[in-house]
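Subject: Structure handover

Hello,

Here is the structure you asked for. My notes follow below it.

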Amino acid sequence: MGIKRSILLISIFSLVAISACARPPSDITDTPESPDSTPESPDSTPEAPDDDYSPNAPDEAADGYAPPPEAPTPSATFTILPGGSYPELDQICGATDYPIECVRFISPYLNDSIKIDPLNVLKVGIHVATNMTIEALNLAIKIRDDPKTSPNAQSCLRVCAENYDLIPDGNELALRAIEERDWSDLRNQLSGDLTSVNTCTDVYHEGNLASPMRDMDSDLLALFRVLLHIAVDMVKF
């Protein structure tokens with residue numbers, strides 16, 4: 001009887017031991033936390049860092065294309081030449097009080113062999129002024145000597161012709177002053193040329209006469225004012 005009881009106890013203890021070993025590990029020990037069972041999609045976009053976030057940034061289009069930023073508007077520049085043939089001349093003339101006249105009178109005498117800077121534009125302009133003055137002088141003499149011209153008009157034209165005749169020599173002295181880098185003499189010569197043209201204009205105003213030289217005087221006045229501006233404010237010896 002004692003032997004049977006011992007066998008029974010041994011059997012019970014064996015069953016208990018087997019039952020404990022048969023339990024899954026999760027029932028008897030703590031297991032580490034498992035990673036997220038849902039894998040990250042390869043197409044998912046990582047969240048942008050806070051530093052790069054801009055609440056005012058424009059949204060991209062559905063296809064992922066973002067329009068480029070607007071280009072800055074270029075500043076307006078002065079030009080009246082077709083295709084901007086001489087942008088340097090445009091810049092120089094644009095700083096004067098008569099930019100259109102400046103370009104119109106000087107540009108026909110420029111070419112690729114001439115470096116376009118204030119000094120060379122001044123030299124070319126002086127030569128142009130001489131040619132225009134000689135043309136005005138010839139016209140004044142022609143009208144003065146016309147028998148149909150009134151005595152009062154002849155008197156005015158005589159004054160004009162005398163003053164026009166002074167300008168070519170004054171221009172030669174102005175060119176010499178440039179070569180000698182004599183800024184004071186250059187300014188005086190150009191100022192004298194301007195005075196000569198003004199004298200012709202004034203004599204007609206004083207006589208209350210319509211001047212046949214009005215258009216030519218207007219062009220000469222504009223050109224000499226341009227040349228004085230360049231000589232005084234742009235040319236550096």
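Let me begin with Arg 144. Arg 144 is partly exposed, because its relative accessible area is 21%. The side chain of Arg 144 meets that of Asp 145 in a salt bridge, at 3.1 Å from N to O. Arg 144 is also the residue at which helix 4 (residues 118–144) ends.

Before the rest, a word on confidence. This is a predicted model. The mean pLDDT of the protein is 78. Of its residues, 65% reach 70 or more. Two stretches need care. Over residues 1–46, pLDDT stays under 50, and the model has 2 contacts there beyond four places in sequence. Over residues 48–79, pLDDT again stays under 50, with 9 such contacts. Where pLDDT is low, the predicted coordinates should not be read in detail.

Salt bridges

The structure holds 4 salt bridges, including the Arg 144 pair. Side chains of opposite charge can pair when their charged atoms come close.

Another is formed by Arg 104 and Asp 219, at 3.7 Å from N to O. Arg 104 sits in helix 3 (residues 99–106) and Asp 219 in helix 8, so this pair ties together parts that are 115 residues apart in sequence. Both ends are partly exposed. For Arg 104 the relative accessible area is 45%, so it counts as partly exposed. For Asp 219 the value is 23%, so it is partly exposed as well.

Lys 123 and Glu 179 also meet through their side chains, at 3.5 Å from N to O. Lys 123 is partly exposed, because its relative accessibility is 23%. Glu 179 has a relative accessible area of 58%, so it counts as exposed.

Disulfides

How many disulfides does the structure hold? There are 2. They follow the pattern 1-2, 3-4, with bonded cysteines counted along the chain.

Cys 93 is bonded to Cys 102, and their sulfur atoms are 1.9 Å apart. The torsion about the S-S bond is -60°, and the link is left-handed. Both Cys 93 and Cys 102 are buried.

Cys 160 is bonded to Cys 200, with 1.9 Å from S to S. Here the torsion about the S-S bond is about 85°, so the disulfide is right-handed. Cys 160 lies in helix 5 (residues 151–164) and Cys 200 in helix 7 (residues 183–206), so the bond ties together parts that are 40 residues apart in sequence. Cys 160 and Cys 200 are both buried.

That leaves Cys 156, which is in no disulfide. The nearest cysteine sulfur is that of Cys 160, 6.9 Å away. Is Cys 156 buried or exposed? Cys 156 is buried, because its relative accessible area is 5% and the limit for buried is under 20%.

Asn 120 lies in helix 4. Its relative accessible area is 22%, so Asn 120 is partly exposed. Not counting residues up to four places away in sequence, Asn 120 touches Ile 114 and Lys 115. Asn 120 and Val 235 are 115 residues apart in sequence, yet 9.5 Å apart in space, C-alpha to C-alpha.

Thr 130 lies in helix 4 too. With a relative accessible area of 14%, Thr 130 falls under the 20% limit and is therefore buried. Which residues does Thr 130 contact, leaving aside its neighbours within four places in sequence? They are Pro 168 and Asn 171.

Surface patch

Trp 183, Val 232 and Phe 237 make a nonpolar surface patch of about 230 Å². Val 232 is in helix 8 (residues 214–233). Val 232 is partly exposed, because its relative accessibility is 33%.

Best wishes

Notes:
Residues numbered from 1 in each chain as written. Predicted model: local features only at pLDDT ≥ 70, side-chain atom pairs only at ≥ 80, totals over all residues. Heavy atoms only, no water. Patch = residues over 30% accessible without salt bridge, like charges linked within 9 Å, V, L, I, M, F, W, Y side chains within 5 Å. Areas by Shrake-Rupley, 256 points an atom, 1.4 Å probe, with all protein chains shown as cover. Helix = DSSP H or I, 4+ residues; strand = E, 2+ residues; numbered from the N terminus. Buried < 20%, exposed > 50% of the residue type's maximum accessible area, 1.4 Å probe, protein only. Contact = heavy atoms within 4.5 Å. Disulfide = S-S within 2.5 Å. pLDDT = per-residue confidence, 0-100.
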